[in-house]
Amino acid sequence: MSRAVIPFATQAAALGVALALPAVVGANSYALFVATQLGIYIIAAIGLNLLAGYAGQVSLGHAAFVAIGAYSVALLTVDHQWPFWAAAVVGMVLAAALGVLAALPAFRLNTWYFAFITLAFALVFEKMIVEWRWLTKGFAGVVGVPPPSAFGYEFGPRPLYYTVVAVTIIAFILVRNVVHSRFGRAFVAVRDVEPAALAVGASPQRTKLVAFVMSAALAGIAGAFFAVQKTVVTPDDFTADFSIFFLLTVVLGGLGTLWGPIIGALVFFLIPELLAGLQSWRMLIYGGMLLGLMLFAPHGLYGALRQVWRRFAGPSPRASAAAEASEAREHPPIAGLALAISGLRKQFGGVQALDGVDLSVPAGSCCAIVGPNGSGKTTLLNLASGYYVPDAGSVKIGDVEALGSGAQWIAARGVGRTFQTPRLVADLTALDNVMLGAYTRERAGLLSTALRLPFARAEARRLRQEALGFLQFVGVADRADVEAGEIPHGQQRLIEIARAMIGGARLILLDEPAAGLSMSELERLERLIMRICGLGATIVIVEHHLDLVANVASHVTVLDRGTVLAAGKPAAVFNDGRVMRAYMGERALKAGVPA
Amino acid sequence: MDIDVLAHGIVAGSLYALVAVSFNILYRPTNVFNFAQGELVMLGAMIFASLTSLAGMPWLVAFAGTLVTVGCIGLVEERIAVAPILARSQTGTGWVITTLATSLIISNLVGRFWGPDPILVKPPALLSMDSLDIGSSRISSYEIALVLVTLVLVAIVERVYRTLKGKAVMAVAEDREAALLRGIDPGSLGRWSFFLGAAFAAMTGVLAAPILYASTSLGPDLLLKGFAAAAVGSIGNNRGALIAGYVIGVTEAVGAALLSPGYQEAVIFIVVLAMLLLKPEGLFGSPNARTV
C-alpha cells in the first residue's frame, strides 16, 4: 500500500479544482449539478471500495443501501417535515441496520454468499418499494424533496455542492485512517489469508461486519444527498443496473486502493458523454469492462498508474522504515503458558488422525513433536490452536480449558503460531504484517481510529516502534518496507514468529519452521528459538529436522499414526528402537544408521 | 390450504432444485459458484425455443443441440472468465465479479438477439400443458412429468458421483493439491464440470420453458431461487438441493396465496435468511473443517 503514487501536489490541485468549480460555473448550471452528483457517487463508491476492495466482500446490491438513505430523507422531509440532517442520520442508520440484518448469516459463510444475499436483498427491496405504495408512493415516487437548510437559511445548489464536497472529503479521510489502522490490516488479512486473521485473534465475522456497517452507512449518506439533489425519488433510480454501476466504478478505479473510487467515478462521468450514442449497449459494455478489468487490470486504473509510476520512478524514495529501526532493545521476559493435552482424538472421514494423544508442556519449556509424515503432528497443532474441533479430549492452556473455543479466542489468550507454509498477507509490508499481530492488544476503537484521536495516534506510533523492534529481534529489520509476497520463504517464517510475539504470545506453536531453510538460516532460527525460550515463553515445535530438535528441545514427543510412540529427553528418545523403526524403517535400522 | 398451491409449489420447486444441482455440478471440483448460471438456464430455454418453435426441429434433436451449445458456452466461460482468475489466486473471489460480468454479457446479447417478447414452447409429444382434473387440482401432465424427471435426474447425478470419476471430483473439491498428486487433473475436471454444469442448466431451461415461457427475464429469477435451494440444501448436496427446492417452491406458492404475489421474493428471502442464520451450512451439511 504505497501512498506516493498520486503526489501531494496533484491531490491539492484536485481539491482546488473541486472547491473553485462553483465560482467558474453558474449556480444553476448543468456542470454544477453533475459535479454534485459525482460527489454523491464518490461517497457511495468509497464505501463499496472499503467493503469489496479491502475486506473482499463484494456487494452486488449497493443501490439498495443508497435507496434506503434516499427514501428515508424523502419520506421524512416531505411527509413528516423533518429537517434534512436528522432524516439523513436516520437514513444512514437504517441503511446500516437493514444491511446488517440481511447480511448477518453471510458473514459466517463463504464470501460469495454475501454477494448473493446482497443481490437478493436489492431485488427484494426494489420490489418492496413498489409493493408498499402506502409508504413509498409506488412507481410515482416521492416528489418535491426540500433542500437542506441550516439556521433558517435554505441551501441552494452552491452550498449543497460544498456540503457534498465536504462530506466526500470527510468520508475519504475517515476511510483512509481506518484502512491504515489495525482494522485495515485485519480487512486485508480476512480477504487474503483468513488463517492469519485467526492466528492474530481477529474475528473474520466481526471484521467483515465492521467493513459492511461503514460501507452501508456511507451508501445511506450518499442516498440522503441523492434525494435532496434530485428532489424526486422513484424506484427506477435504484435498479440492479445501478448496483452494477457502483461495482464497475470501483473496479475501474482500482479495488482496494484509496484513490480508486474517485478515479473510477471521475472517468465514469466522462464516459457516458462519449457513449451517448451507445445507450442501449450500456450494460453490455459494463459487463465487458468488468470482465476485462478483472482479467487484465485487477487493480484498475490506479493499479495501472502505479505500475507506470514504479517503472519510471524506480524504488520508492520514501524514507525507509528500516532506517528507523533503533538499536536492538532488551526484550522484556515472557511469562510462559503451560499446555496440557489429554486423550485428544480427531477423525477425518475414515482416517483416525489422532487417537488419544497426551502431551504435557510445562510453562517456559521447549517441547518438540516429531514423527513421520501423516502421524498427526500438524493436526495436533491445529487442534491445540482451535483451527480444528476435536472429537474428544482436553486441551488446557494455562489452567483454562480451551477445547471448542474458536481459533481467534485461543490466539487472544496468548497462543501464537506459525504455519507450515507461511501465512503472511502478501499485499502488506513486513512491518504491517508484524503490526497485524498486535490486533488484540490495541485499545483504540473504530471511532477513535477513524478520527485519529491523539491517543490512537500515540498507540499506533508506539506499536510501529515495537514492531520494528520485533523485526530486528528476529533479524529481518532490513525488510520492514518490503511487501511480504516479495520476501524469501525463510524470512517469511521469521516474520511469522515476530507476528506471534508482538501479539503477546506466551505459548508459541511452530509448525515445521526449518522446512526449506538454508544452513545459515537454520542456525539463525536455532539461535532465535533459544532466545525466545530464554525469555520464558513456552514453545511447541513440530519439526523433521532432528538436529535442530536435539539442540533446542528439552522434551520430545514422537507421534506415529496418531498415537504417542515415545516421549522423554531427546537423547533417550532418539535412541529408542521403536522410534528409529518408525522413522527409518526396519532395513535402515539393521544396517545401523546412526540417529 | 389448497392442494393446488402445494402441487404448483412442488413443480416450481423441482425447477429450483434442478438449477441448484447445476450449481453443485459446477461447484464441486472448482469451488466456484457461477453467477451466470441463471443466464445459462435462460439461454437454454431461448435456444431450444428457437430451434423447435421457430426452426421446427424435432424435440430430441433440438434438445441435444441446445445442451451441447450451452455446454460449450459454459466451457468458454471457464476458459475466459474463471480459469485465469483461479490461476492467479485459489482463494480470491475475483470470479464473483467475472462470472457476474459474464451473466451481464449473455443476458444483454440474448436480449439484443431475441428481443424482450417471451416465446411459447410446446411440451414434447404425448404431454400437454392442459390441466388434468384430478380432484380439485389443476395440474398438467407435463408438470407431473417434470416432477418425475427431476427425481430421476437427481438420482442419476448422485449415481455418477459414486463412480470413479465422481470420486475424483470429490477429491478435488476436498484438496486440490492432494488430488493433483494422485494423478487427477483439476484443470480438466474444472473444464468438464463447467461444460456439464452449463449443459445441465440448459436442460433446466428446456424443461422450464413450457411452463415459464422462454424469455430473457428467466435468468435473474432462477439464479436467485436456485442459489436459495443450493444454500438451504447445503452446497454440493444434490438430495439436499431437491428437498430445499421443494421447500422454497412451496413457501413461495403459499406466500403468494396468503399475501399478495408481490411478496413472493420477500417471503423466500426471509425464509432463506432465517435458515442460514440457524444452520449456516444448510439443512443437510456438516460444518467444514478448516485446512491449514
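Reader: What is the volume of the second largest cavity?
Author: Keep in mind that this model is predicted. The structure holds 2 cavities of 30 Å³ or more. For the second largest cavity, the volume comes out at about 50 Å³.

Reader: Which elements give two or more residues to the lining of the second largest cavity?
Author: Let's start from the residues: L198(A), A199(A), S385(A), Y387(A), A407(A), I410(A), A411(A), V415(A), G416(A) and R417(A) line this cavity. The elements giving two or more of its lining residues belong to chain A: α9 (194-199), α17 (407-412) and β10.

Reader: On to the largest cavity: which element gives the most to its lining?
Author: The largest cavity has a volume of about 100 Å³. Its lining has 13 residues, with A199(A), V200(A), G416(A), A500(A) and G503(A) nearest the centre. At least two lining residues come from each of β10 (415-417) and α21 (489-502) of chain A. The one giving the most, with 3 residues, is β10(A).

Reader: Which element supplies the largest share of the lining of the second largest pocket?
Author: This pocket holds about 970 Å³ of space. Five helices each bring at least two residues to the lining: α5 (111-131) and α11 (240-253) of chain A, plus α4, α9 (218-232) and α11 (264-278) of chain B. The largest share, 8 residues, comes from α5(A).

Reader: Which residues lie nearest the centre of the second largest pocket?
Author: The lining runs to 40 residues. By class they divide into 24 nonpolar, 8 polar and 8 charged. Those nearest the centre are L123(A), A240(A), P220(B), D221(B) and L224(B).

Reader: What do we call the direction of α13(A) relative to α4(B)?
Author: Helix α13 (residues 282-296) of chain A and helix α4 (residues 94-114) of chain B have axes that come within 8 Å and cross at roughly 150°. Angles over 145 count as roughly antiparallel, so α13(A) and α4(B) are roughly antiparallel.

Reader: How many charged residues does the contact of α13(A) with α4(B) have?
Author: On the α13(A) side, the contact uses M283(A), L284(A), G287(A), G288(A), L290(A), L291(A) and M294(A). They meet G94(B), I97(B), T98(B), A101(B), L104(B), I105(B), N108(B) and L109(B) of α4(B). Sorted by class, there are 10 nonpolar and 5 polar residues, while the charged ones number none.

Reader: Now the pair within chain A: at what angle do helix α8 and helix α10 pack?
Author: Two packed helices are described by an angle and a distance between their axes. For α8 (residues 182-192) and α10 (residues 204-230) of chain A, the axes lie 10 Å apart. The crossing is left-handed, and the packing angle is about 115°.

Reader: Which residues of α8(A) make the contact with α10(A)?
Author: From α10(A) come P204(A), T207(A), K208(A), V210(A) and A211(A). Across the contact, 6 residues are nonpolar, 1 is polar and 1 is charged. The α8(A) side consists of A186(A), F187(A) and V190(A).

Terms used: Residues are numbered from 1 along each chain as its sequence is written. Chains are lettered from A and ligands numbered from 1 in the order in which they are written. This is a predicted model: local features need pLDDT of at least 70, side-chain atom pairs count only at pLDDT 80 or more; totals for chains, interfaces and linings use all residues. Side-chain values use heavy atoms; hydrogens and water are left out. Axes are lines fitted to C-alpha atoms, for helices over the stretch in contact, and angles run from 0 to 180 degrees between N-to-C directions. Helices (H or I, at least four residues) and strands (E, at least two) are DSSP runs, numbered from the N terminus. Angles under 35 degrees count as roughly parallel, over 145 as roughly antiparallel, 65 to 115 as roughly perpendicular and the rest as oblique. Contact means heavy atoms within 4.5 Å. Ala, Val, Leu, Ile, Met, Phe, Trp, Tyr, Cys and Pro count as nonpolar, Asp, Glu, Lys and Arg as charged, and the others, Gly among them, as polar. On a 1 Å grid over the protein atoms alone, a cavity is a set of points where a 1.4 Å probe fits but cannot get out, and a pocket is an open set with protein on both sides within 12 Å along at least five of seven lines; lining residues have an atom within 4 Å of a point. Grid points are joined across faces, edges and corners, and a volume is the space filled by probe spheres set on the points. A crossing is left-handed if the near helix is turned anticlockwise from the far one by less than a right angle, and right-handed if clockwise.
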